[in-house]
Amino acid sequence: MIVTIARPASAGDGLRPAKRKRGREVMSLLGLASLALVQPIQSFQLGPSLGLGRSQSTLCSTGSVSGYSSGVEAEFDDDIDNHLGLKVVASSGIDDEQLPLVLGAIRSTCDKYGMTFDSSGIHAISKPLRSKSLPGILGRVLLVEMAGVPVSFDFDESELTAQLKIDLSGQIDQLLAEHRHGITNTNQPILLGFQAPRGDSKQSVQSSLEYVIQKEMSDYGLREAVAGASSGLSAEDKTLAPSYRVELDGAMIETVDCLGKTHFDTSSLIVFDDLVNDDLRRRLLNVVNGEDKEIWDDTQGPRPARWVRGGLFDVANDDANQSSAACYGLSEHAIMDICYNEHPAITEFESKLSALFPCFEVTRLPESVLGPQISPVTANAPTHGDDFDFHIDCDPLQVPPSPWADVFGRYPNRSRGRPRFVSCLVYLNDEWNEAFGAPTRFLDPLTQEVYDVTPKPGRVLVMDQDLSHTVVAPTQAAGRRPRYSLVWKLILHPRTQGQEMKLSCGRNWPEPILFGSANI
Ligand SMILES: O=C(O)CCC(=O)C(=O)O
Ligand SMILES: [Fe+2]
């Protein structure tokens, strides 16, 4: 019998590194959760040796999920009846109210696939998993053993597990969404891991659950230090102080991990004028505009070999994309080049960032958070007459279902011990007359006041990603000249559990200007 099974869209297109898994990024856009595959054991091609009994007809039922490339054909032998089944072995961070619901969802998926289900031996730890080696994690994990597969079964490569993961994750996500208001903590996802039957394995439950998280993090690159992080960092970079900093967007918010407790939270923007010298600025501009020999006079507009009208695609919000549709954006090829080819200037700047934030692991925003359309490094070239709207870059409280959400959960940015989402902008023009305008404008939502940062050549702006901001188009005085900015979307990971996430890292930086609602 031949059935068609969807296969995750293939990795390795163009310049993007091929090794990174991407299948579940697509799921994130579909609003589905994800599942980690643990303990691969050699290669196994789904084929005649595996009898799936009643599951055959249902395996193809969701095979046309969009984003999963055209199905592959796999053969199943009707005569063989292997008792495929799922056995839930351990969980953490899922309380007594929630666990039966989640297990019920897995049971019904098993029924659909004609698989057996067993949760009788589950080792349930109601507290979220905590681990010194994994600071910042959410710690809600469910570990499932898959019984009845051949010894050579490869969990990572199998179409069966790919399909199961779509189904199971969808079920659990739906369930958690439905019960969002009824049960505490249910808007937090659960990371699901598969493993082969372990027999009398000596591995502790804690380390099996940790392994699920570690594997997910490495499969999806969820915490990879930026290039040059460990290269020789200059003493000046380590001690460099900002020219000024501003706190805005103040609000009382719930304190993460402290039920019922609230605290006053403000977002930060920080300006550095001595981090990038003129030589580095010029080299970064060359990376953005392409390093070949063509000479382009950009008083006529951005260089057509790199920039396309309507090419701006750097925000998650649909409305913002529409309003910026007419503006210049980097071509797809240019974005890939900047993000994934080796550029010494990019590495040098990233190593400066690591030096600037020594108490964090500085990483680029992984593709898993918002999908492949949102590149971690991009550039802007607004010109006179363009129209932009306020947007936020990303908010860890509002991330869609994805491997990122499953591992780190959803929480207010700047929460103690949780990865902090910050963006970093470098203004790249050789010269920029103040009369040309084009500040980066921040909105304080409560007071509706705006705060402008002037784009000086070589200036670096670090800002929280959940701040409402916009680029303002240059004035008429700028003519057709673009105002360039190179933008990094970063995540600063804590190095220890429960760490303070202050960007100053305890250094004696100038006191911040308190703006708008931060001053109330
Ligand atoms: O260039 C600017 O001023 C802001 C750019 C920006 O907000 C972005 O790229 O997300
Ligand atoms: Fe932005």
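**View 1. Helices α3 and α4 meet side by side.** Here L101, V102, A105, I106, S108, T109 and Y113 in α3 meet L164, D167, L168, Q171, I172 and L175 in α4; residues are in contact if their C-beta atoms, placed from the backbone, lie within 7 Å. This is a predicted model, in which local features need pLDDT of at least 70 and side-chain atom pairs count only at pLDDT 80 or more, while totals for chains, interfaces and linings use all residues. Residues are numbered from 1 along each chain as its sequence is written, chains are lettered from A and ligands numbered from 1 in the order in which they are written. Two packed helices are described by the angle between their axes and the distance between the axes. For α3 (residues 98-113) and α4 (residues 159-178), the angle is about 145° and the axes are 9 Å apart. Axes are lines fitted to C-alpha atoms, for helices over the stretch in contact, and angles run from 0 to 180 degrees between N-to-C directions. The crossing of α3 and α4 is right-handed (the near helix is turned clockwise from the far one by less than a right angle).

**View 2. Strand β7 sits between two partners, β4 and β8.** Helices (H or I, at least four residues) and strands (E, at least two) are DSSP runs, numbered from the N terminus, and two strands pair if DSSP finds at least two bridges between them. Strand β4 (residues 85-92) joins β7 in the antiparallel sense through 7 bridges, with S92 bridged to V141 of β7. Strand β8 (residues 191-195) instead pairs with β7 in the parallel sense, over 5 bridges; there, E145 stands opposite Q195. Of the 7 residues in β7 (residues 141-147), 6 are buried, so this strand is largely enclosed by the rest of the structure. A residue is buried if 20 or more other C-beta atoms lie within 10 Å of its own, exposed if 12 or fewer, and partly exposed in between.

**View 3. The largest nonpolar core holds 102 residues.** Such a core is a set of buried Ala, Val, Leu, Ile, Met, Phe, Trp, Tyr and Cys residues joined through C-beta atoms within 7 Å. The residues with the most contacts inside this core are V141, L142, V144, L284, V288, V407 and V460. At least three of its residues come from each of domain 1 (2-219) and domain 2 (235-519), with bounds taken from an automatic or database domain assignment. Look for V460: beyond its neighbours within four places in sequence, V460 is in contact with F272, L275, V276, C424, L425 and V426.

**View 4. Three strands form an open sheet in the order β17-β16-β19.** The pairing is antiparallel. Strands β17 (449-453) and β19 (468-471) stand at the edges with a single partner strand each, so one side of each has no neighbour in the sheet. From one strand to the next, the twist averages 25°. Between β16 (residues 440-444) and β17 there are 5 bridges, and F442 is the bridge partner of Y451 in β17.

View 5. Most residues other than glycine have a negative phi.

Key
Two residues are in contact if their C-beta atoms, placed from the backbone, lie within 7 Å.
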